[in-house]
Amino acid sequence: MSEASRGLRLYNTLTRSKEDFVPIDAGNVRMYVCGPTVYDFAHIGNARPVIVFDVLFRLLRHLYGETAVTYVRNITDVDDKINARALRDFPDLPLNEAIRRVTEKTADQFHDDVKALGCLQPTVEPRATEFVQPRADGRADMITLIHRLIERGHAYETNGEVLFDTASMADYGHLSKRPLDEQQAGARVEVDAQKKNPADFVLWKQSSPEEPGWDSPWGRGRPGWHIECSAMSAAYLGEVFDIHGGGLDLIFPHHENEIAQSRCAHGTDVMANYWLHNGFLQVEGQKMSKSLGNFYTINELMETETFGGRKWPGEVLRLAMLMTHYREPIDFSVRRLEEAENILRKWKRAADGADASGGLPEGLLSVLSDDLATPAAVQLLSQVASRALDDVAEAPRLRAALAFLGFSLQAAELDRPEVERTIARRLDMIAAKNWAEADKIRDELLAQGVQLKDGKDPVTGERITSWEVKR
């Protein structure tokens, strides 16, 4: 299959335009996505890039072959809070081992969370702590990259710190396109060293005797945030690769500084050819924050009744994300989850009992290949599901599509107490003569396979509603 015939087009943040995707090597399509910092459990905002780039991973595997795509998503376990806790809790262990003890629970929870969200495992999942110092296998590491930047005149040492010299790179800031006077040092650790330029950022930070650190040519210390991803991406994908992804908030400073380090260390014109960024997430119309009380971890949403008074299955969270285009902002709300759950129930009811032998529905690959147009894919599958309820020949294609997009194929369980509560809410709407809302509730229940029958109580004469499951 020629590259032109595959038809994949992606919006490239680097050029601010939608472009035909042409991989460097069609036999080894390479993608890197910034993963979580495992200091704490992953929140619902972290779920969005995980889901978005899982869909892209699945699409690339379909277009180029399962063994022809390398997807690297890192785990960031180099963080001052993690380091300090490791030193406090496990003072007698080597630093890397102590960090792994500290982050074991949060990393394991992250893996459980993303599995419940229907995501495939990435091809490689490197941990930052394993790439600080030179490696026995010769793969890229942070200290070697920093040393190379110093040798090439792109970094300088001062007072035990190493900083990237932004003035040494003629087109620094090309990704974010920020004016130079708006650019500030991007670092996860404080920098007290004297900078040559305000935008210079930390590559290596000195550690005091009381602070955790690694030995280096510049003394005992720890790396800055950005150098981590430059090392891990180069270690598994090479100096230049196809796709780099992450959240919109990472464009500056993180991705901007990744590009600067990588290009200057390797002497290349680009780090990655395509840069993809998903939009921001709000919760019920507000920015998510602990101070507002609307900060939710993925695990909380699935295992507790803290959001909307109930638990939400991972596949409902997944669909709620995919109902908005990945580049658009998303408002995560109870209403949105209820809508996603109703859609998913309709799909599963329509695909119930079918196998996946029919191939994908016509048009699905076309809409996904148009910059991952998942809202159009959701609409298309809803149309297929409607047809499948009357035409069993459509059901296998629907089932294949659900599997392709990462949804479980187990039959949807009906929450009978929730059905009763919904019927009671409809009766309240009828009593208030809110016919439009009452009809809407009836239609939503029908989409779940719940058929309502209105009548009167033979004794009191009051309106009552019975229901049955329609298959």
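In which sense do strand β3 and β4 pair, and over how many bridges? The first point takes this up, with the reminder that the model is predicted.

1. The parallel sheet. Strand β3, residues 29-33, pairs with β4 in the parallel sense, and the pairing runs over 5 bridges.

2. Angles over 145 degrees count as roughly antiparallel.

3. The antiparallel sheet. Another open sheet has 4 strands in the order β5-β6-β7-β8, and here the pairing is antiparallel. Its edge strands, β5 (155-158) and β8, each pair on one side only. The twist from one strand to the next averages 20 degrees. Within the sheet, β6 and β7 run antiparallel and are joined by 3 bridges. Val162 stands opposite Trp204, a residue of β7. Helix α7 packs on the sheet and touches β6 and β7, with its direction at about 80 degrees to that of β7.

4. Trp218. Is this residue buried or exposed? Trp218 sits in the loop between β7 and β8 (221-223). Trp218 counts as buried because its relative accessibility is 8%, and the cut-off for buried is under 20%. Apart from neighbours within four places in sequence, its contacts are Ile143, Ile146, His147, Ile150, Glu157, Gly160, Val162 and Trp204. Two of these residues, Val162 and Trp204, are the ones that stand opposite each other in the sheet of point 3. Leu344, by contrast, is 126 residues from Trp218 in sequence and 56 Å from it in space, C-alpha to C-alpha.

5. The β14-β15 hairpin. Strand β14 (residues 450-456) and strand β15 (residues 463-469) run antiparallel and are joined by 7 bridges. Gln451 has Glu468 in β15 as its bridge partner. The hairpin has 6 residues between the strands, and Gly461 takes a positive phi near 80 degrees there.

6. Helix α2 against helix α9. How do the axes of these two helices cross? The axes of α2 (residues 44-64) and α9 (residues 314-322) come within 10 Å and cross at roughly 80 degrees. The helices are therefore roughly perpendicular. From α2, the contact involves Ile44, Ala47, Arg48, Ile51, Asp54, Val55 and Arg58, which meet Leu317, Arg318, Met321 and Leu322 in α9. By type, the residues of this contact divide into 7 nonpolar, no polar and 4 charged.

7. Annotated positions. An unreviewed UniProt entry annotates residues 36-46 as a short sequence motif, the 'HIGH' region. This span is 27% helix and 0% strand, and its end C-alpha atoms lie 7 Å apart. The UniProt annotation "binding site", also from an unreviewed entry, covers Lys290. Lys290 is placed in the loop between β12 (286-287) and α8 (298-303). With a relative accessibility of 59%, Lys290 counts as exposed. Neighbours within four places in sequence aside, Lys290 is in contact with Asp40 and Phe295.

8. Backbone details to check. Most residues other than glycine have a negative phi, and most peptide bonds are trans. Lys177 is not a glycine, yet its phi is positive at about 55 degrees. It lies in the loop between β6 (161-164) and β7 (201-206) and is partly exposed, with a relative accessible area of 42%. Lys433 also has a positive phi, near 60 degrees. Lys433 lies in the loop between α14 (416-431) and α15 (435-447), and at 61% relative accessibility it counts as exposed. Phe252 and Pro253 are joined by a cis peptide bond, with omega about 10 degrees. Pro253 is found in helix α7, residues 251-266.

Definitions and conventions
Residues numbered from 1 in each chain as written. Predicted model: local features only at pLDDT ≥ 70, side-chain atom pairs only at ≥ 80, totals over all residues. Heavy atoms only, no water. Buried < 20%, exposed > 50% of the residue type's maximum accessible area, 1.4 Å probe, protein only. Axes fitted to C-alpha atoms, helices over the stretch in contact; angles between N-to-C directions. Parallel < 35°, antiparallel > 145°, perpendicular 65-115°, else oblique. Contact = heavy atoms within 4.5 Å. Nonpolar A, V, L, I, M, F, W, Y, C, P; charged D, E, K, R; others polar. UniProt positions renumbered as here; feature names shortened; annotations may be inferred. Pairing = 2+ DSSP bridges.
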